[in-house]
Structure formats: structure tokens, C-alpha cells
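Reader: I've got a model open and I'd like to learn how to read its helices. Can you walk me through it?

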Amino acid sequence: MTRPVARIEPAPAPSRRLLDVSGLPTVAFGSKSIMWWGVVGFILIEGTTIGTAIGSYFYLSGIEPRWPPPRTPMPGLLVPLLKSVALLASAYPAVMCDKAARRFDFRDMRRWVVAMGVMGVLVVGLQFLELRTVGV
């Protein structure tokens with residue numbers, strides 16, 4: 001007497017609907033872009049940080065009777081002023097890069113990205129200089 005052998009048959013392929021997305025654009029601007037949402041998240045994080053710094057200032061000024069405390073040296077204003085000017089000036093290459101991207105002009109876009117990188121290195125260098133002058 002032979003035992004029946006169990007056969008393993010492949011399961012039928014599930015019927016599913018397919019969607020042709022070949023006609024969709026490969027790039028997006030504004031709120032349809034993932035980068036836009038990343039920038040919004042970054043702005044929210046930075047806003048929270050600035051709000052925390054302002055709250056800390058008022059908290060510490062309430063604890064210390066004289067603000068700033070007498071033993072605190074006053075920082076110089078030249079380096080923060082230069083850094084602020086560099087940050088404001090960096091908006092121009094960013095706007096020009098955005099315009100080049102919307103025109104799909106990759107050559108100009110690369111040039112403005114490099115300009116933004118140079119401005120970023122300048123700002124970071126000024127930040128290190130500022131931290132060194134205040135003793136951090």
C-alpha cells in the first residue's frame with residue numbers, strides 16, 4: 001500500500017491593480033517636494049531652539065539680581081555683525097539657485113550651490129572665531 005504524496009502547488013498570484021506612473025513628473029517644487037518639508041521641519045526645530053534660548057534668558061535674569069552678572073565680560077560685536085551680514089548675503093545665492101532650478105538650468109544651479117557652500121564655510125569659520133573670542 002502506497003501512501004499518497006502531498007503535492008505542494010504554488011499559490012495563485014494575487015490579482016492586483018497596477019498603476020502607470022510614467023507620466024508623473026520626476027521633480028517637484030513647493031509643498032509637493034520632500035525637501036520643502038525638510039526645510040519646514042528645520043525651521044520648526046530652529047524656532048524651538050530660539051524660543052528656549054529666550055526663555056532661558058528670562059529665567060536666568062530672574063535668578064541673577066544684576067543682569068548680566070558683573071563677572072561676565074561683554075562680548076565684541078564685530079564678529080557677530082560680520083556673521084549676520086554673511087548670513088543675509090547667503091540668501092542671494094540661494095534665491096538664484098532656486099530660480100536656476102525652476103528653469104532646469106543645471107550649470108547655473110551648480111554655480112550657485114558652490115557659492116552657497118563657500119558662504120556656509122565662511123559662516124562656520126566666523127562662528128568658530130566668535131566662540132573663541134568668548135572663551136568657549
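Reader: What should helix α4 (residues 106–133) span at 1.5 Å a residue, and how far apart are its end C-alpha atoms?

Author: Ground rules before the numbers: this is a predicted model, where local features need pLDDT of at least 70, side-chain atom pairs count only at pLDDT 80 or more, and totals for chains, interfaces and linings use all residues. Residues are numbered from 1 along each chain as its sequence is written, and side-chain values use heavy atoms, with hydrogens and water left out. Helices are DSSP runs (H or I, at least four residues), numbered from the N terminus. The expected span is 1.5 Å times one less than the number of residues. For the 28 residues of α4 that gives 40 Å, and the end C-alpha atoms are 40 Å apart, so the two agree.

Reader: Which residues of α4 are buried?

Author: General idea first: an α-helix has 3.6 residues a turn, so residues three or four places apart point the same way. Then the cut-offs: buried is under 20% relative accessible area, exposed is over 50%, and partly exposed is in between (1.4 Å probe, protein chains only). In α4 the buried ones are D108, W112, M119, V123, L126 and E130.

Reader: And what do the buried residues of α4 pack against?

Author: They pack against α2 (78–89) and α3 (91–102). For contrast, take A115, also in helix α4: its relative accessibility is 23%, so A115 counts as partly exposed.

Reader: How do the axes of α3 and α4 cross?

Author: Axes are lines fitted to C-alpha atoms, for helices over the stretch in contact, and angles run from 0 to 180 degrees between N-to-C directions. Under 35 degrees counts as roughly parallel, over 145 as roughly antiparallel, 65 to 115 as roughly perpendicular, and the rest as oblique. Here the α3 and α4 axes come within 8 Å and cross at roughly 160°. That makes α3 roughly antiparallel to α4. The crossing of this pair is left-handed, a term for the near helix being turned anticlockwise from the far one by less than a right angle (right-handed if clockwise).

Reader: Which residues of α3 and α4 meet?

Author: Contact means heavy atoms within 4.5 Å. On the α3 side you have Y92, P93, A94, M96, C97, A100 and A101, and they meet D108, M109, W112, V113, A115, M116 and M119 in α4. By class, the α3 and α4 contact has 13 nonpolar residues, no polar ones and 1 charged. The classes work like this: Ala, Val, Leu, Ile, Met, Phe, Trp, Tyr, Cys and Pro are nonpolar, Asp, Glu, Lys and Arg are charged, and the others, Gly among them, are polar.

Reader: At what angle do α2 and α4 pack?

Author: About 165°, with their axes 9 Å apart. α2 and α4 are therefore roughly antiparallel to each other, and α2 passes α4 in a left-handed crossing. The contact is built from V79, P80, L82, K83, A86, L87 and A89 of α2 with M119, L122, V123, L126, Q127, L129 and E130 of α4. It divides into 11 nonpolar, 1 polar and 2 charged residues.

Reader: Is K83 buried or exposed?

Author: Buried: K83 has 13% relative accessibility, so it falls in that class. K83 lies in helix α2 and touches V123, L126, Q127 and E130, not counting residues up to four places away in sequence.

Reader: What about α2 and α3, at what angle do their axes cross?

Author: Roughly 10°, with the axes coming within 4 Å. α2 and α3 are therefore roughly parallel to each other. L87, L88 and A89 of α2 make the contact with A91, Y92 and P93 of α3. That contact of α2 with α3 has 6 nonpolar residues, no polar and no charged ones.

Reader: Where is F104, and what is its phi?

Author: F104 sits in the loop between α3 and α4. Its phi is near 60°, a positive value in a residue other than glycine. F104 counts as partly exposed, at 46% relative accessibility. Just after α4, G135 takes a positive phi too, of about 85°.

How values were computed: Helices (H or I, at least four residues) and strands (E, at least two) are DSSP runs, numbered from the N terminus.
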